[in-house]
Amino acid sequence: MPVLEKGSAQTWRRRTTGENLFRWFGWLIGVAIFVACWQQISEATTWFFVWDAPRIAGDIWTRATPPRWGYITQLGRPIWDTLNIATLGTLIAICLAVPVAFMAARNTTPSVLFIRPVALLVIVSSRSINSLIWALLLIAIIGPGVFAGTIAIAIRSIGFCSKLLYEAIEEIDHTQVEAISATGASRWQVMAYGIVPQILPAFAGIAVFRWDINIRESTVLGLVGAGGIGLQLSASLNVLAWPQVSLILLVILAAVMISEWVSAKVRGAII
Amino acid sequence: MSHRELEDMLGKGWRKPPFVSNPKLRWGLIVGFFAYLVAAFMTIEVDWGRVYVGLDRGWAFILAFTSPDFTGRASDIWSGLLESIVMTVAASVVGILISIPIGLGAARNIAPLPIYLVCRGIVAISRALQEIIVAILLVAIFGFGPLAGFLTLSFATIGFLSKLLAEDIEAMDKVQAEAIKASGARWLQWINYGVQPQVMPRLVGLSMYRIDINFRESAILGLVGAGGIGATLNTAFDRYEYDTAAAILILIIGIVMSLEYLSGIIRSKVQ
Amino acid sequence: MLRLQKLTKTYRTGDQALKAIDLEVGKGQVLALIGPSGAGKSTLIRCVNRLVQPTSGAVWLEDTNLTKLGSGALRRARREMGMIFQEYALVERLTVMENVLSGRLGYVGFWRSFLRWYPQSDIDEAFRILDRVGLLHMADKRADELSGGQRQRVGICRALIQDPKLLLVDEPTASLDPKTSRQIMRLITELCHERRLAAIINIHDVALAQMFVPRVVGLRFGEIVYDGLPTGLTPEKLTDIYGEEDWEATIQTVEDEGEEEVEAAE
């Protein structure tokens with residue numbers, strides 16, 4: 001009750017005293033948790049290194065500049081591999097994400113009790129685990145290389161694409177579906193005429209968006225041995241060849257910006 | 001007139017108008033796409049023998065999920081997980097606090113041009129740099145440990161949150177903000193009364209989402225020595241201890257799921 | 001031709017939308033169903049083609065009991081019943097032609113429909129019907145580029161190309177302006193005449209119903225409370241259907257408008 005009687009005068013407060021206390025208490029706990037976390041981090045840190053950090057950073061900077069431009073001739077193949085990992089990974093992911101999404105959406109799933117929870121579990125497992133971890137796992141199983149990277153990207157993307165897609169499916173206009181069923185269309189025809197046209201723009205947007213993200217992710221997959229330009233980065237870091245590192249970082253930056261530009265253009269054209 | 005038109009059209013076939021109306025461009029796109037696919041497949045080297053051998057291991061890993069080993073390396077898992085959580089909490093708090101002023105600055109409708117350009121610059125840099133690359137650089141500068149991970153996650157949070165916050169502010173209802181301005185409010189009062197109520201629900205939602213992402217990212221930072229559960233996971237894969245790895249993955253999935261559930265509750269409360 | 005026997009629908013929430021409805025519609029007969037919101041008009045026509053599953057009772061379309069059909073037979077039966085919707089319910093991102101041809105889905109196989117390879121006879125028929133409603137030049141436009149009245153015409157085409165015996169029409173004019181509403185109602189009744197179609201038209205606008213339809217059925221709380229000629233809708237009857245209100249004005253304007261309409265038409 002925000003209007004309080006104080007003596008004879010009425011005063012307005014946004015919250016009652018109890019609510020205020022509760023809020024302050026909440027904030028207090030929040031701050032306490034943060035301080036505790038900070039202490040944990042601070043204990044695990046060698047502060048001597050941190051105080052020394054500006055000098056080290058300056059040192060790395062002087063070593064890394066100028067980038068070794070000549071090295072770019074050796075980067076062609078890794079860039080091509082990176083592009084392939086991202087693109088093929090996205091394509092595989094989309095093919096698998098579509099059925100998963102239809103099974104996960106409440107209005108299209110064949111069975112709410114059995115199939116939907118399985119589909120949701122697939123989605124959350126794939127989403128929770130970073131592509132680098134998937135890559136680690138796949139390298140342990142099928143050996144290092146571009147193939148492991150592609151599959152890792154694909155597995156990671158399934159959850160992302162299915163989640164966005166099944167949300168789009170659940171938001172479709174139901175009367176359009178009803179109208180198609182009323183013509184006597186079969187289950188699959190209802191799917192093709194009533195549902196697919198409605199989610200097609202969302203689908204294309206999701207695919208391009210994920211491709212953009214995958215370009216970023218595939219640039220670092222090489223750090224664990226899954227192919228692409230990350231392999232060169234990792235090798236250069238291991239021998240402390242800073243001029244090569246800075247060149248690779250510039251190339252990655254350019255790739256990321258180009259992919260973001262392409263994806264923005266394509267999404268603009270679709271919508 | 002219209003009847004003559006009808007006579008002309010009867011008996012003629014009908015095809016759906018193509019999506020790309022220029023036939024040269026359309027066929028160019030189709031052919032180009034398939035040419036790319038063929039080229040990409042040709043250059044991926046897959047050692048099928050190795051993959052075949054790996055299938056057994058893959059199966060062993062899947063089996064490991066049925067008997068995950070939480071106890072064998074309990075202390076490693078526990079300390080790694082705690083470190084991940086600590087990094088997530090600290091980095092989310094700091095990242096969110098910093099991204100609010102930057103988000104305000106990056107919204108063209110409330111910030112003057114110079115501030116806008118600086119803030120957009122910060123956002124662009126933060127978004128362009130992949131977390132893991134930032135982590136590598138920060139580890140090189142600050143030494144191994146969770147401090148580097150904390151800084152990485154804070155930095156990434158700023159890029160993500162400020163951008164979305166700024167977009168949200170730019171899309172807000174102008175009339176409400178103008179009404180507050182018309183009452184003679186100062187700039188801060190104006191932000192507090194005219195802007196904040198409009199963007200607050202989404203800010204809370206996005207922050208929750210970012211906490212979720214930060215936790216997932218914190219799981220891989222350990223791969224490059226920036227603290228968290230990633231190091232433990234990497235060791236488990238290296239030693240082929242699939243049961244321990246499965247246990248860690250299950251824990252990560254569980255935490256992500258509960259975070260999502262929690263954020264769902266909080267978001268519905270705020271709106 | 002269409003006979004409802006003790007048709008009952010109880011929703012899971014416990015609301016009884018239809019209470020043992022008995023109704024018969026003859027061949028070529030056009031019938032307007034009026035009544036307040038929530039009276040069960042929508043539920044009634046959706047129970048006929050089983051977009052809503054009736055709780056009990058029977059729906060006879062000629063000699064088949066629709067409520068007893070399995071899914072395959074139901075699909076074949078649905079081809080006999082064209083449906084026209086309140087908000088048009090066109091598939092917005094498909095072209096007008098695709099929307100019209102989607103009325104043939106019950107007749108062609110999945111792959112043919114997926115690849116848009118319809119039989120030439122279907123395509124010709126689609127052109128003819130589009131020409132009849134005056135939208136032939138719009139055939140390759142996307143449905144969301146059309147105005148409300150045009151969209152409803154496409155919806156009518158989609159129902160007609162099914163070659164139905166019965167039209168189920170759900171609030172065809174609810175989202176249209178008064179002039180377009182009349183044009184659409186006139187079109188529907190004319191087409192029913194031309195093709196000897198029976199039709200059940202849900203409509204909340206009593207005046208429009210009186211203007212175009214020879215038989216009116218009033219529904220209240222899931223029960224039929226009026227069945228007869230539009231001229232028999234006296235203030236007392238309207239009070240039965242809708243509840244207490246001053247009806248004189250409504251009826252008066254209806255008659256006036258009706259005359260104007262006739263004059264304008266001639």
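This is a predicted model: local features need pLDDT of at least 70, side-chain atom pairs count only at pLDDT 80 or more; totals for chains, interfaces and linings use all residues.

Trainee: How many residues of chain B are in contact with chain A?

Mentor: Two residues are in contact if their C-beta atoms, placed from the backbone, lie within 7 Å; here 45 residues of chain B meet 45 residues of chain A.

Trainee: Which helices of chain A each supply at least two residues of the side that touches chain C?

Mentor: Chain A has 19 residues in contact with 21 residues of chain C. Helices are DSSP runs (H or I, at least four residues), numbered from the N terminus, and those supplying at least two residues each are α7 (174–182) and α8 (187–220) of chain A. The largest share of that side, eight residues, comes from α8(A).

Trainee: What does the domain assignment of chain A give?

Mentor: Domain bounds come from an automatic or database domain assignment, which for chain A gives domain 1 (1–44) and domain 2 (71–270). The centres of these two domains of chain A, taken over C-alpha atoms, are 43 Å apart.

Trainee: Is E178(B) buried or exposed?

Mentor: A residue is buried if 20 or more other C-beta atoms, placed from the backbone, lie within 10 Å of its own, exposed if 12 or fewer, and partly exposed in between. E178(B) is exposed because 11 other C-beta atoms lie within 10 Å, and E178(B) is found in helix α8 (residues 174–182) of chain B.

How values were computed. Residues are numbered from 1 along each chain as its sequence is written. Chains are lettered from A and ligands numbered from 1 in the order in which they are written.
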